[in-house]
Amino acid sequence: METGKKSAAVIEVALADSNSIMLSALSEFFDRDPRFSLVATASSAEGFLEAVLRVPVAVGVIDWTLPMLGGEKLIEILRAQVSAPRIVVYSHGSGHEVPRRAMAAGAAGFCARSESPENLLDIAADVAKGQMVFPFLDVRELRQDPMYSLTERERTLLTALSQGCTNKQLAHDFGISINTVKFHLRNLFEKLSVTNRAQAIAFYYASIVGQSHQLPELPPEGSPER
């Protein structure tokens, strides 16, 4: 009768990292660990998404800065899939920002690249068992930061606002009516507790980019939208 690790069900895993050297190294670590069966690897968020939707796995280990979609967007998309893997973000980041955003997006765990690969393997195994594994985070911040109350569409609109887009441009770019744009913006302003575009943009730069960045030139308040 087999005992120990071999008696447990093998954990099917998929990896995604744009760095080919890192991806190769991670693949070797997971291949050598009898707890895991490496099913797929990808160098982009799109490639990972395609792979795990085609062949479901229990755990996905991804870099936060994957090309094109990025880790955050990828996790949000997977969250809506019935057979989605539980995601561990393996990325740079000495502070709490990336783990906090990963948790808010729907990830199940985080491991900094400064930690040993063995620790990543243990985290992936724990996540496969249904655990959430993150460095210490004050989860109250997830509820208090209004940015995390925005829908995906509202976040995208806010980013476009920060680039100086008018309502007419937003309607054209997103393929929606101006009235729908105004509806989304009204909800966005309410969630951020602001009353106008300038305040929303200032909030965006303060929360996401940082206050050291220069704000773009804004039209005078009250000027009509064309």
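The buried residues of helix α2 pack against β1 (11-16), β2 (36-42), β3 (59-62), α3 (70-79) and β4 (86-91). Here, buried means under 20% relative accessible area, exposed means over 50%, and partly exposed is in between (1.4 Å probe, protein chains only). Helices (H or I, at least four residues) and strands (E, at least two) are DSSP runs, numbered from the N terminus. This is a predicted model, in which local features need pLDDT of at least 70 and side-chain atom pairs count only at pLDDT 80 or more, while totals for chains, interfaces and linings use all residues. Residues are numbered from 1 along each chain as its sequence is written, and side-chain values use heavy atoms, with hydrogens and water left out.

So who sits where on α2? In this helix, residues 45-54, the buried set is Ala 45, Phe 48, Leu 49, Ala 51 and Val 52. They sit on the same side of α2 because they cover an arc of only 165° around the axis (the arc is that of the directions from the helix axis to the C-beta atoms). Glu 50 and Arg 54 are exposed, on the face turned away from that buried side.

Zooming out, the protein has 10 helices and 5 strands. Of its 226 residues, 41% are buried. Take the contacts (heavy atoms within 4.5 Å) with a separation of 6 or more: 63% of them join residues 24 or more positions apart. The protein exposes about 12,500 Å², with carbon and sulfur atoms supplying 52% of it; accessible areas come from the Shrake-Rupley method with a 1.4 Å probe, and for residues only the protein chains shown count as cover.

Next come two helix pairs that share α9. Axes are lines fitted to C-alpha atoms, for helices over the stretch in contact, and angles run from 0 to 180 degrees between N-to-C directions. Helix α8 (residues 167-174) and helix α9 (residues 178-192) have axes that come within 9 Å and cross at roughly 105°. That makes α8 roughly perpendicular to α9 (angles under 35 degrees count as roughly parallel, over 145 as roughly antiparallel, 65 to 115 as roughly perpendicular and the rest as oblique). On the α8 side, Asn 167, Lys 168, Leu 170 and Ala 171 meet Ile 178, Val 181, Lys 182 and Leu 185 of α9. This contact has 5 nonpolar, 1 polar and 2 charged residues, where Ala, Val, Leu, Ile, Met, Phe, Trp, Tyr, Cys and Pro count as nonpolar, Asp, Glu, Lys and Arg as charged, and the others, Gly among them, as polar.

Helix α7 (residues 152-162) packs with α9 at an angle of about 90°, the axes being 10 Å apart, so this pair too is roughly perpendicular. Among the residues of α7 that meet α9 are Leu 157, Leu 158 and Leu 161, and these three are also among the buried residues of α7. By class, the α7 and α9 contact has 7 nonpolar, 2 polar and 3 charged residues. Just after α7, Gly 164 takes a positive phi of about 85°.

Gly 109 lies in strand β5 (residues 109-112) and counts as buried because its relative accessibility is 0%. Setting aside residues up to four places away in sequence, Gly 109 touches Ile 87, Val 88, Val 89, Val 127, Val 133 and Phe 134. Met 68, in the loop between β3 and α3, is exposed, with a relative accessible area of 72%. Met 68 has a positive phi of about 70° although it is not a glycine.
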